[in-house]
Amino acid sequence: MIRVENLQVELSKQTVLSGVDLEIENAKLSMIVGPNGCGKSTLLRSIAKLISSAKGKIILDKRDVKNIPIKQFSKMLGFLPQNPRSPQGLKVFDLVSRGRAPHQSFLRQWSDSDEAAVKSALEATAMTGNHNRLLSELSGGQKQRAWIAMILAQQTDIILLDEPTSALDLRYQFEIFQLLKTLTEDHGKTIVTVVHDLGIAARFADHIVALKEGRVVASGASKTVLTSENLQKIYDWPCAVMQWENYPLIIPLDNLETA
Amino acid sequence: MIFFKDHSQSVGDGHWWPRIIIISVLAIGLGMMIFAGLVFGARELTLSEVWNALRGHESESIASITVNSLRLPRVLVGIVVGIALAVAGLLIQNITNNGLADPGILGINAGASTAVVIGIWAFGFSSSFDLGWLSIIGASVAIIIVMLIGFSGARHASPIKLILAGAAMTAIFSSITSSILFLADETINVFRHWIVGSLSSGGNTRLLQLTGFLPLLLIGMFISIFVLRGLDVLQLGEDTALALGVSLQQIRFLGIVAIVLLAASATAIAGPIGFLGLATPHVARALMGASMIWRFAACLFLGPILLLGADIIGRLLLQSGEIQVGVVIVFIGVPVFLSVVRYSKELII
């Protein structure tokens, strides 16, 4: 379980997060939603120990993450940024094998367990057939699967992803989130993602955290968070929320106040 | 030198063998260059003369003296300097995330030149050994200032900060150099021999310089190997590298220390030789892909091949005398470089 206590972040003298408290359960798919600039990415990056100026506590397995050395931390938690940089001439297998970096050292080089981890990560993301292709030759969906395979090869219990499907079309989005769902259900991974698409959140999230202006405004199961009152509060926009099978279905309405 | 054992034969047919084959071809190429470096020159020697000289037969003959005390030292210096510059170039392009970077971008060459000019002008130094030490001191001063600027303040050691600090230092040191040269005519004569970069000038002196600076080079190579995996992951971006357990500050700091040790000692041994550090990493990428480990392996061979090749051509072009390698390398290097940029599968810069 990840517990965030009174997290405060200031970036270039602007308050981005002002006192965030939340709990993220193990083996669940949690999603952070909210309007642009509300601090979603900052929250995710703080949990990943990427923001050194963050104040407050982030507790992971009963330990303050501040006291976990970087190398050890990288075996516990994997993080995929929104736009990872892919150098020219990088092949899929090479990328995925980079996920083994936390498990290697100057003295401990490539081993059979690294090999096995890379193989199973490629299988889990259905990228085995593409392992020898250049990253630049792949479609958007395949490329994203390759990056997720890299995170899987890291073999951490917790995986954080910052808008993993922001540039993908409906089918690829669905494929990626189905994969993430399987990882939580069948492999016990704890996954936290930032998402913009509320349809995806409604359909896949076990737990939703809604942020606005650096504070948590709602948190819980999708049905309790994605209500028309909450959406009005979070996005300042009226929405109708209906029910399709067991999922909330959101329809943005005309805003009579601004029209 | 295989850290990521890319033995993906089990996953399919891997990219391990092609890279091994390329390295083998490069090794053969280097062997041929070494051989050519011993055979060709102002005095044509036959193969058997070279062979006998190397085995120590007829050690008083002209052939033996030419090979053992002129050409062999020169080839050795070429190998060492070629490796040092190529590896320094590989590291600097990675650390600054800039394909146009070479070790000179951190102000190393400008600092070395200034120290050499001051040494000649104010203290009358002229031996290449003294100039070598001066250039190391100058390069170190320049890089310490650049690192003090680069590693201070809010965004620690961001690539752009290092590049800007390096550019500022280059400008300052260049104008100091120019003003001294403008004031003191005699200084120019000593300085102009140093500035073009050369592997020759009495083989034994170079060899002495080589052994003198070898410890620095070896430390530089060791640190390079140590930071290689971290730099490899750093290619995926800062956040990804941090999340994969790489300590950015440590890797960048050690990487720059390695660059200075390699580039400054190469400059101390052979004068400032440009372009090699810029071009070799690109050729290595075209051959090996993104992996830093494999590109490092390729640079170990490509650097000496390019440098020795340029040196041999410089010797053969003129009937009497020779063109300095620092000049030739640019004329050979540019077409090679441009063709790699033009024809490689992926856009390089």
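In this predicted model, chain A holds an open sheet of 6 strands, and reading across it gives the order β6-β7-β8-β3-β9-β10, with mixed pairing. At the edges stand β6 and β10 (215-220) of chain A; each has a single partner strand, so one side of each is left without a neighbour in the sheet. The sheet isn't flat, either: going from one strand to the next, the twist averages 15 degrees. As a bit of background, strands of a sheet pair through backbone hydrogen bonds, and they can do this either parallel or antiparallel.

Strand β3 of chain A, covering residues 29-33, lines up with strand β9 of chain A, covering residues 207-212. The two run in the parallel sense and are joined over 4 bridges. To pick out a single spot, Met31(A) has Ile208(A), in β9(A), as its bridge partner.

Chain B is put together from other pieces. Chain B has 349 residues, and 52% of them count as buried.

Is Ser247(B) buried, exposed or something in between? It is partly exposed, because 15 other C-beta atoms lie within 10 Å, whereas a buried residue would need 20 or more and an exposed one 12 or fewer. Ser247(B) can also be set against Met32(B): the two are 215 residues apart along the chain, and their C-alpha atoms are separated by 41 Å.

Finally, there is the place where the two chains meet. Here 31 residues of chain A are in contact with 29 residues of chain B. On the chain A side, at least two residues each come from α2 (70-76), β6 (77-80), α3 (92-98) and α4 (112-124). The edge strand β6 of the sheet is thus one of the elements that touch chain B. The most is given by α3(A), with 4 residues.

Terms used
Residues numbered from 1 in each chain as written. Chains lettered and ligands numbered in written order. Predicted model: local features only at pLDDT ≥ 70, side-chain atom pairs only at ≥ 80, totals over all residues. Contact = placed C-beta atoms within 7 Å. Pairing = 2+ DSSP bridges. Axes fitted to C-alpha atoms, helices over the stretch in contact; angles between N-to-C directions.
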